[in-house]
Amino acid sequence: MRTSGARASRFGGLGQWWGVLAGGLLIAAWINRTAGPAVITGLSAVVLLWSFFQAPVTCGAPVRGRDDGCRNNATGLLMGCHIRQHRWQKLKMLILR
């Protein structure tokens, strides 16, 4: 029975951190030098996709009255929080910089 509205997960909340493991493997592949360029390129792409779309971060969308932006939880650097307008604002910030 869930009381706080949190989602139950098979991995106990650690399933969103799989990109950190992939990043560790990428560093190990760079240091070891036995992995080929295909492995390093593949792991780099996986870590990049994780950080853009699934990494737990704060939203950061511009908000009136705050200099540091929205502090709601978001997933990924390109995605906003649960507020729909913040998703568009983050996309606008990416294009208009």
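Start by selecting helix H1 (residues 18-32) and helix H2 (residues 37-53): their axes come within 9 Å and cross at roughly 150°. Here axes are lines fitted to C-alpha atoms over the stretch in contact, with angles from 0 to 180 degrees between N-to-C directions. That makes H1 roughly antiparallel to H2 (angles over 145 degrees). Helices are DSSP runs (H or I) of at least four residues, strands (E) of at least two.

You are viewing a predicted model, where local features need pLDDT of at least 70 and side-chain atom pairs pLDDT 80 or more, while totals for chains, interfaces and linings use all residues. Residues are numbered from 1 along each chain, and side-chain values use heavy atoms, without hydrogens and water.

Next, show side chains where H1 meets H2: Trp-18, Leu-25 and Trp-30 are among those from H1, and Ile-40, Val-47 and Trp-50 among those from H2 (heavy atoms within 4.5 Å). This contact has twelve nonpolar, three polar and no charged residues.

Now move to the second largest pocket. Eleven residues line this pocket, and the closest to its centre are Leu-77, Leu-78, Lys-90, Leu-91 and Leu-94. Strand E1 (56-58) and helix H3 (84-96) each give two or more residues to the lining. Colour H3 to finish: its five residues are the largest share.

Key. Angles under 35 degrees count as roughly parallel, over 145 as roughly antiparallel, 65 to 115 as roughly perpendicular and the rest as oblique. Ala, Val, Leu, Ile, Met, Phe, Trp, Tyr, Cys and Pro count as nonpolar, Asp, Glu, Lys and Arg as charged, and the others, Gly among them, as polar. On a 1 Å grid over the protein atoms alone, a cavity is a set of points where a 1.4 Å probe fits but cannot get out, and a pocket is an open set with protein on both sides within 12 Å along at least five of seven lines; lining residues have an atom within 4 Å of a point.
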